[in-house]
Amino acid sequence: PKGVTYNQHNSMRPSTTSVGCHKLLLPPAGVTVTRTFACSVVCLKKTNVFDGGAPTGGDTEEDDAIDDHEVEELFQEVQFPAAAAVGQQKVFIVQPDVKWSRRKQQQTTAELMMDEAVALVHTLDHWRVVEKVAVSTKTPEKKRIFGKGNFQLLSEKIRQTSGVTVVLVNVDRLSAASQVRLLWGVRVLDRYSLVLHIFRTNARTREAKLQISLAEIPLLRSRLKNEFADMDQQGSGARYIGGSGETLWEVQQRLLKEREMKIRSALEKLKRKRKLLRSRRQRCHFPVVSVLGYTNCGKTTLIKALTGDAVLQPKDQLFATLDVTVHAGQLPSHMTVLYVDTIGFLSQLPHQLIDSFSATLEDIKHSDLLIHVRDVSHPETENQKMNVLNVLKNLEVPDRLMSSIIEVHNKTDLIQDYQCTDSSALPVSALWGRGLETLKTAVEAEVVNLAKSRWLNIPVDLSTPQLSWLYREGAVQDVQVNADAGTAVVKVLISEAAYGRYRKLFG
Ligand SMILES: Nc1nc2c(ncn2[C@@H]2O[C@H](COP(=O)(O)OP(=O)(O)OP(=O)(O)O)[C@@H](O)[C@H]2O)c(=O)[nH]1
Ligand SMILES: [Mg+2]
């Protein structure tokens, strides 16, 4: 193309080059492109929507072996519908209201799903909902989501609503075929692409960025399919690219595959690093307590209340936390535990998205204890609980962890005279610091149980490092000093393993 320079060293394979803010795929020198196209893999918008700065706090786990530049390259914003939407966005939400179908969602209503969609949209700066409609359908997963009549009415309504820039069809994934059908001259998103866009805006660490890039691959794949279906109709998709023996379609597929492999290998490196950090943490003998739950249920607020860690920033926003951060807190016996803040769950998200975040979620499996936080003020609280438990099941969280989960009922301050119907759950208000001592006691009881710890009164010689060792490896609650004798009796909560080491060291 006129005015464009491209990499002439690469004679066999197409290369990329920058044109303005876009990257375009170029054929080798001497080859003429007969048709211009905007293909998702090769058309990479370079605007950054994240600040790429420091994570929001805590001990975020990053791998120095991975080049920042490499990550940014892979995280470059790919031009798929949500990402390309910059500036003020006016969103029209279409909520399929599934009728009479065998697969009708029994537990939720179109109204509640709609509320969640509105909350998702409002998570984004400059995005606002201008209209929302529920449309009956029997076949939400099919190419024709809506019947002919309903589809026409809907299209009419979208056309009549002024300034619509995005239509959100609130299903988990729109198939490539239904996307084509739903092109109303504006961007059409499903939950998957919207959530990914939210993730993108909130991503801070390299790991989160890479996981998002990986989760975008299925979107790119289906977009590619759409574009080539379109090109095939015009007979231009199957042409060979000069001498390379590959058609344009094959080139695109290969580039996508290469991108995926690169991301996976970078994530693998981070995974190894994470494993190392985990084993280091285990060597410290601090019990690890993962705090999980549906998005916006108050996980970060709870950890902040339990630890007093000022770096934690709870937000009234879905998916505020995307990176695993670790925060030390003290239990009533002064024992230190590490609370892990995790990414929130959302219903009806495809497995691919959860799979992409598997490295982050892996930490949950390796904890000593899980706290499941629930927002009991939310009308969908029961469904949210089921969703979280299902995700945990799919993650194959070990039984020993599943059976010892502490369920916390949060935001009880929003319900007058809250009565906890489940006797094993603990009511709290993380925001107002209510119920936290009971929670800490429950955590301690579980941790003591799990670590096979016990309370001991150990006589120590103050001229030796015995006391400082016990402070480091156990939870010292009381020290009775006999100054004349230079000794003390230490009341300490200590694991069997640590006590074994103590005896080996000091007899
Ligand atoms: N009224 C009330 N609000 C709360 C309570 N706990 C948290 N919140 C609010 O709920 C919103 C979400 O809190 P976060 O702690 O960020 O929730 P999260 O679960 O970490 O959310 P994500 O990281 O986005 O998944 C914030 O506006 C908090 O102030 C509570 O006990 N009572
Ligand atoms: Mg959070």
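## Briefing on a predicted protein chain

Val 481 stands opposite Ala 488 in E18, a pair that belongs to the seven bridges by which strand E17 and strand E18 (residues 487–495) are joined in antiparallel fashion. The model is a predicted one, in which local features need pLDDT of at least 70, side-chain atom pairs count only at pLDDT 80 or more, and totals for chains, interfaces and linings use all residues. Residues are numbered from 1 along each chain as its sequence is written, while chains are lettered from A and ligands numbered from 1 in the order in which they are written. Helices (H or I, at least four residues) and strands (E, at least two) are DSSP runs, numbered from the N terminus, and two strands pair if DSSP finds at least two bridges between them.

**The chain as a whole**

- The protein chain contains 16 helices and 18 strands.
- Of its 507 residues, 38% count as buried, where buried requires 20 or more other C-beta atoms within 10 Å of the residue's own, exposed applies at 12 or fewer, partly exposed lies in between, and C-beta atoms are placed from the backbone.
- Among contacts in the protein chain with a separation of 6 or more, 68% come from residues 24 or more positions apart, a contact being two residues whose C-beta atoms, placed from the backbone, lie within 7 Å.

**The antiparallel sheet of three strands**

- Strands in the order E16-E18-E17 form an open sheet of three with antiparallel pairing.
- Its edge strands are E16 (453–461) and E17 (475–482), each of which pairs on one side only.
- From one strand to the next, the twist averages 20°, with axes taken as lines fitted to C-alpha atoms (for helices over the stretch in contact) and angles running from 0 to 180 degrees between N-to-C directions.
- Helix H16 (residues 496–506) packs on this sheet by touching E16 and E18, and its direction makes about 140° with that of E18.

**The parallel sheet of four strands**

- A further open sheet has four strands in the order E5-E4-E6-E7, and its pairing is parallel.
- Strand E5 (127–137) and strand E7 (187–189) are the edge strands, each pairing on one side only, and the twist averages 20° from one strand to the next.
- Strand E4 (residues 89–98) is joined to strand E6 (residues 166–169) by four bridges, and the two run parallel; in E6, Val 169 is the bridge partner of Val 94, and Val 167 is that of Phe 92.
- Helix H3 (residues 110–122) packs on the sheet, where it touches E4, E5 and E6, and its direction makes about 160° with that of E4.
- On the E5 side, ten bridges join E4 to E5 in parallel, one of the pairs being Asp 97 with Ser 136 in E5.
- E4 is mostly covered, since eight of its ten residues are buried.

**Helix H9 and its surroundings**

- Helix H9 (residues 299–307) is mostly covered, with eight of its nine residues buried, namely Lys 299, Thr 300, Thr 301, Leu 302, Ile 303, Lys 304, Ala 305 and Leu 306.
- These buried residues pack against strands E10 (288–293), E11 (325–330), E12 (336–341), E13 (369–375) and E14 (406–410), and also against helix H14 (436–450).
- After H9 comes Gly 308, whose phi is positive, near 70°.

- Leu 153 has its place in helix H4 (residues 148–160) and counts as partly exposed because 14 other C-beta atoms lie within 10 Å.
- Leu 153 and Val 135 are 18 residues apart in sequence and 9.5 Å apart in space, C-alpha to C-alpha.
- Ile 405, found in the loop between helix H13 (399–403) and E14, is partly exposed because it has 19 other C-beta atoms within 10 Å.
- Although Ile 405 and Ile 371 are 34 residues apart along the chain, their C-alpha atoms are separated by 5.7 Å.
- Not counting residues up to four places away in sequence, Ile 405 touches Leu 370 and His 372.
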